[in-house]
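Me: I would like to go through the terms used for this structure and see what each one rests on.

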Amino acid sequence: MRKEDLETVIGLEVHVELATKSKIFCSCSTEFGAPPNTHVCPICLGLPGVLPVLNKKALEYAVRAALALNCEIAPFSKFDRKNYFYPDLPKAYQISQYDQPLAYGGYVDIEVNGEKRRIRIKRVHLEEDAGKLLHAGDDIAGAATSLVDFNRSGVPLIEIVSEPDIRSPEEARLYLMKLKTILEYLGVSDCKMEEGSLRCDANLSVRPRGAKELGTKTEIKNMNSFRAVFKGLEYEERRQKEALAAGEEIVQETRHWDENRSVTVSMRGKEEAHDYRYFPDPDLVPLIIDRAWVEEIRRSLPELPDARRERFQREYGLPAYDAEVLTASRTLADFYDECVRLFPDPKAVSNFVMSEVLRLLNAEGKDIVDTPLTPQHLAKLLGLVKEGTISGKIAKDVFEEVFKTGRDPAEIVKERGLVQISDEGELARIVDEVLAANPAVVADYRGGKEKAFTFLVGQVMKATRGKANPALVNKLLKEKLS
Amino acid sequence: MEIYDLTAHELSRLLKAREISAAELTEAVLERVDEVEPAVRAYVTVTREEALAAARRVDEARARGEDLGPLAGIPMAVKDNMCTRTVRTTCSSRILENFIPPYDATVVERLAAAGTVMIGKTNLDEFAMGSSTENSAFFTTRNPWDLERVPGGSSGGSAAAVAAGEAVFSLGSDTGGSIRQPASLCSVVGLKPTYGRVSRFGLVAFASSLDQIGPLTKDVTDCALVMNVISGWDKMDSTSAPVEVPDFTQFLGREVRGLKIGLPREFFAEGIDREVKEIILTAVRVLEGLGAVVEETSLPHSDYSLPVYYILAPAEASSNLARFDGVRYGLRVDAPDLISMYGQTRSRGFGAEVRRRIIIGTYALSSGYYDAYYKKAQQVRTLIKQDFDRAFEKYDVLITPTSPTPAFKIGEKADNPIQMYLSDICTIPVNLAGIPGLSIPCGFTAEGLPVGMQLLGKPFAEGTLLQVAYAYEQSTDHHKKRPPLAGAAGGERHA
């Protein structure tokens, strides 16, 4: 079998921490980064005799997420115990949902090379997170000591399981990005892979193009960033295709993505797979979900990324690319909407946001809401450009300061004397001085060197410290040189 | 009669009239503990200082004129599988021998708020698995009526303490008969409430869908008084029922004329001791004499109760007891690696019966066996419950023996788990159905061993059980007899 004739099949299992204030079965805080074992109580420590009580907010967030992913909410579901021993799991079982999940049958649409692809979602269920182990050594086997932090124990999670509809590592990355965007829009999770609030395991197999049956799959774990998901799957796809091309068989197993070596390595085989001995948790009553409540949640869903992107194109006349970029995060899209409301020139706003705003946000790795910049600032700044008070170039300088300090753009312009020189008499005088000081360049221009003109514009700008009205400078130079 | 022989409601009158102080009463009970404990061995831990301090607080409150409930100042005992803040909670297991919980069980909190005085924590079969206290990792409690015999179990310490006057009342837990069977064997009143009636928060779980906390008392009135305190919905327990709690004492004294009583024939068949059967039928005739209508009936799926129970209870236990892994609290046996640490800690920390049930339960839940065992058992459990539903369409109360035999000798069944499991043949179906069951003393065998009668009711109909039990108790004097322990005034009365 040639590698070119093989098709990749991927399914993702995504765990997302819900951004509730308290844990799923007790009232401890879910705050990230607190000193170890400070957000714990007898319940999330699994002390003898304690019982879980479901946090209604966690259920609500899970229902919100499931609805936004186009799932059906099961009228009846239940919690089950997933039994296994590990030091970060205080009860030695995880409360999860096994055969009757909260929601099922949804989908997410992604765009691949300009073409829409629908990735079906098999199920969404609710469960609790485990604690975190810190090893004095490489892993639990090699460590002299291991420490456990139970702050994370009992943080609510949803697990989103896709159907095996993903056909490439790039599609997997796009699907994951889309999930993240949707969940952020909903406000149910902060989806930070680096903090572990979004985690992803993958099942990958390959098969002859056009085949109906799935090939033997491997499960890949420990891909802790979007990049790692892409690289890990790319590696595994290549490994499996090469193996099959060489006539080898794929072994069903769990593989670990080794970030440093950029390879996946075998963790455990099928025979060593855990028997989790799932059974219904007798400490919790079944979840019987009120239809009216679900509809109430459905009505409260915000405008989701796809709808918003379409509206940006329709209402603001933006190109697809701009609309995509501007709706990639809810906060940025909110910012844009508000700017356009205050300064109704969608294209001008879009140009500025896509270039200047995003450049600084990316440089500082910040979200728009974490900066002092407001839509009012940007609208005012663009207003100053429009009315000719400052040039577009000066606006960029002023913007940098507004972005850093949150000061009023008009004040900055005034204080730094940045008002554009549009006085024709004054500019004509400066143009004359520049021409007089650069006779050789003038001669070059007249001799046909177009570039000389740009140099002369630059000299005028330099003399006015950038404040000269560029259109006027052009006009005056052309007149005087002709 | 000695002070320690009195009931809570009798003592409550004396305390209110200031004929005795709570401190004096507590001292008297602690003296009784000193006197008979070497023979009975009901307690794992006696909390002498804490008890005296609590008693003094009640006396001070009374001196300030505070309005105190009927149980204020009453010395009581708690089975050592309910968490008590600052007092070790062992479950009579090596694995929790030195475990001190940082919180109180809801029932302990409620009893403390009612002003009761905890004397100590009582012995049990390890993790409540057993019918004799012989499975305690520490020692076997003895039956105050015959020190050669078991007190029953698993709440054997709680039953023996009340019978011996070492506590005025106690709390037990009942998963398959663990309150009622020892109550029967020790001649005290024991009630397993409806599942969900009493909060399980803080009860170290054995089988979560079956466990229920209840009182062991010297008479029916005391049972009603304790139920008034411990019953009711608890936000910490999702399985506790949001059902209104009546004043249970209002059922006492209501007549039983016209009440319909069913005798399920499966509970009077083979395996029930002839003498026990005769004593129960005599007791039933007393109720008949009071105007109750008695008929024979049937619970056809009863035969399956024991096998169903010995799949479901161990399955839940195998998961509930997995947290005792040596990582965070309790016993840890150091070993070179994690897996051996788990293995050695749990092998050394758990006794043989607990290990047996963990293995059975793990097996029953294993992939490939789940449908044949756990799932099938759940289905049969539903059939058993439906038997009771049908019976209660016709009858107000069902009556059976509590235990098929009176107290057996220590060691008699220790090596035969099946024989031991059969001790709970009459009580197990009740837990599977989730209904309330009460055991009331109803006589003695020729050898002088107590026999208990089990009354069963509809869900949340504990009031009806108390009504019938009280009517019976007022017509008889079994509840006034005290065991013949050294130095005990009650001994002469019985002889």
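**Contacts, helix pairs and a sheet**

Reply: The contact between the chains takes 27 residues from chain A and 35 residues from chain B, where two residues are in contact if their C-beta atoms, placed from the backbone, lie within 7 Å. On the side of chain A that touches chain B there are 19 nonpolar, three polar and five charged residues. Nonpolar here covers Ala, Val, Leu, Ile, Met, Phe, Trp, Tyr, Cys and Pro, charged covers Asp, Glu, Lys and Arg, and the others, Gly among them, are polar. This is a predicted model, in which local features need pLDDT of at least 70 and side-chain atom pairs count only at pLDDT 80 or more, while totals for chains, interfaces and linings use all residues. Residues are numbered from 1 along each chain as its sequence is written, and chains are lettered from A and ligands numbered from 1 in the order in which they are written.

Me: Why are helix 12 and helix 14 of chain A called oblique to each other?

Reply: Helix 12 (residues 424–437) of chain A and helix 14 (residues 451–463) of chain A pack at about 125 degrees, with axes 10 Å apart. Under 35 degrees counts as roughly parallel, over 145 as roughly antiparallel, 65 to 115 as roughly perpendicular, and the rest as oblique. Helix 12 of chain A and helix 14 of chain A are therefore oblique. Their crossing is right-handed.

Me: Which residues make that contact, and of what class are they?

Reply: From helix 12 of chain A come I430(A), V431(A) and V434(A), which meet L456(A), Q459(A), V460(A) and A463(A) in helix 14 of chain A. Six are nonpolar, one is polar and none is charged.

Me: What makes helix 7 of chain A oblique to helix 9 of chain A?

Reply: The axes of helix 7 (residues 330–342) and helix 9 (residues 375–386) of chain A come within 9 Å and cross at roughly 45 degrees. That angle makes helix 7 of chain A oblique to helix 9 of chain A. The contact is made by F335(A), E338(A), C339(A) and L342(A) of helix 7 and P375(A), Q376(A), L378(A) and A379(A) of helix 9 of chain A.

Me: What are the edge strands of the sheet in chain B?

Reply: The open sheet has 11 strands in the order 1-3-2-4-6-5-10-11-9-7-8 (chain B), with mixed pairing; two strands pair if DSSP finds at least two bridges between them. Strand 1 (43–46) and strand 8 (293–297) of chain B are the edges, since each pairs on one side only.

Me: How many bridges join strand 7 of chain B to strand 8 of chain B?

Reply: Five bridges join strand 7 (residues 260–264) of chain B to strand 8 of chain B, and the two run parallel.

Notes: Axes fitted to C-alpha atoms, helices over the stretch in contact; angles between N-to-C directions. Helix = DSSP H or I, 4+ residues; strand = E, 2+ residues; numbered from the N terminus. Left-handed = near helix turned anticlockwise from the far one by under 90°.
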